[in-house]
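Please look over the sequence and the structure shown here before reading the notes on packing that follow.

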Amino acid sequence: MKAATFNLKFKKPNKVMRRNLFIVSLLVVPIIHFLVFWVYLNAKTISLAFFEWDFWENTYKFVGLDNIKEQFRVAAERPEEWNKYLNAFRAIPINVACLCMAIVVGYAFSKHIWGERVFRIIFYLPSMISIVILTLCYRYMFTYSPGQLQGPAAELLRMLGSGYNGWEVTSPDHAVTERLWFLVSVFCVWASAGINIILVSSAMSRIPEEVKESAKLDGVGFWRELFTIDIPLIMPTIGVFLVNSMMAVTAFYLQPMLILDNTGSKSAFQTVGWYMFTKTTSAQNGDMPTISTVGLILTVIVSTLVIVVKKITDKLTPDVDF
Amino acid sequence: MPVMKIEKRKRAKRENRVIMSVLFVLFCIYAATLLLPLIWMVINSFKPDNNEFFYNQWRFTSFSLNNYKLLFTGENSIMVMLANTLILALSIPTVSAFFSLCAGHAVGSFDYKLKGVVYFIFLMPMFVSVSGTTPYLYKMLNDIGLYDTHISLIIMSCGVSGFGFLMYYAIFKNISRTYSEAAMVDGAGYWRTFLQILVPQAKNIIAAQWVMGFIGVWNDFATPYLFLPSYPTLGVGVKNIADKIDLGHSYPELFANITLMLIPMLVLFFIFQKKIMEVSLGGGIKG
């Protein structure tokens, strides 16, 4: 009996130790990765917003909130400096448009529209294709350069008498800018609907059949059923989607950048993400604080929006489980 | 009263039919706008030169495989780009899946004091995104001498992907612990139990996630463009040709390049279509 207790006492710490060692070995790389590429990188980026590069001393000097004030001062003098922020926020209406389209399509799928299976596959197709290919394809479709490439979509627009004249921005006037932004927005919805449709229609397919059945017996119409039954019941999914759309603001740049790269008037189209992209390989030590400041301002605005949107959608979500 | 209700039901049914027909037509138009541009590019990849393409965009007036030959033999052979893309597309999803699995196992299968903290750590990047980190990341990689190497991109993906982690966490949490206990009684170590008993149970999800990762890296543009300039991948190569379209490269040549980049993805999609659509519930703007 004594020997057995001794054995147990002796064995237990050994076993726990082995288990703990195993857990540590599982976690060591992911945690180091997190510390380097998330904690360190973010902390360094944020902190640089409060420093200034001292060229003579070859080091960074703490300047408090001066960089942030400077950004606001420059923007007050030259309103076009705000463009990159405002343009980044265009991601939100675009995402909302994507969501609306996804809801209608997903709803039609849930009602088993004719050809549903084929549509599902075709609509998802863009998600499998590189953004470079999609943007180039779209760009060429709408290119209008007489004697050279006249894209089919551009020809169609001209045939309809719209006076469409391609991507070139000869003068940076407001109407031209907005027209090109509209085309970019159409691209975003056109190319990203598929994945959102899947998201919405899978949420709708979880709505229990009985709920729908009773509405059908009451003779509820197509749109009324959508607005009073489907949308409230998929509110959690819509909430996640809206929070994601807010976060997409920081990462919104590839679409305008790849479509409008050579249009001539960059400042009218640049987003914060695009600005970061161009700065990535060209930034000197002295540029880092400005980049960080721009990033920090956007991060603060976006985080606030995320919290607000989360609160609102939580309130709108009916308290049901199914 | 019941008569009114029946009337109402009939009306709703009629309304349904009309709306569904309108939607069907709209869906057909949208599907056409998705397919036609791709078909347009493929048709024109067989045109011998720009002129033939400019004036006969929708017709097969001449058929030439020259653009495809050029891609394999020219000075900017696609083979090098293909190799670069494959190195990344095969390794990145593999290491990412491995470490996500490790993290999922560590948090899902064991109970210990700091478990909550670890769980929180791996989900943080999903909820907090700081803008403007890439320039500093670029600097950091330069400082440690890893910039412009394949290995730097692989190291960057050794972390845990939030979505993958959540999925693996849920799987490991739900696998009955008697499996691993039985294996351990039979003398298997922790690693062996993990790799030979537990991981195979999640193999469908892992495969689907891996294929999605492969597609993502294959199609990626920004990361290799910024961090691997000396080793262009297919996406970067396509962009490079497009940028030089007036300087010696023709549209049909570009379209041939695009077609070759598209084909593997379309094949993968048609094989794994159902699985891919199941695991891609991430959402957001296509980017």
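## Basis of the model

This is a predicted model, in which local features need pLDDT of at least 70 and side-chain atom pairs count only at pLDDT 80 or more, whereas totals for chains, interfaces and linings use all residues. Residues are numbered from 1 along each chain as its sequence is written, and chains are lettered from A and ligands numbered from 1 in the order in which they are written.

## Nonpolar cores

A nonpolar core is taken as a set of buried Ala, Val, Leu, Ile, Met, Phe, Trp, Tyr and Cys residues joined through C-beta atoms within 7 Å; a residue is buried if 20 or more other C-beta atoms lie within 10 Å of its own, exposed if 12 or fewer, and partly exposed in between, with C-beta atoms placed from the backbone. The largest core has 106 residues, and those touching the most other members are A102(A), I133(A), C137(A), V200(A), V249(A) and V238(B). Its largest share, 14 residues, comes from helix 8 (residues 174-204) of chain A, helices being DSSP runs of H or I of at least four residues, numbered from the N terminus.

## Contact between the chains

With contact defined as C-beta atoms, placed from the backbone, within 7 Å, 72 residues of chain B are in contact with 78 residues of chain A. On the side of chain B that touches chain A, the largest share, 19 residues, comes from helix 1 of chain B.

## Helix 5 of chain A

The buried residues of helix 5 (residues 116-124) of chain A are F119(A), F123(A) and Y124(A). Seen down the helix axis, these buried residues fall within an arc of 120° (taken from the directions from the axis to the C-beta atoms), so they line one face of the helix. The face turned away from the buried side carries the exposed residues R117(A) and V118(A).

Notes. Helix = DSSP H or I, 4+ residues; strand = E, 2+ residues; numbered from the N terminus. Contact = placed C-beta atoms within 7 Å.
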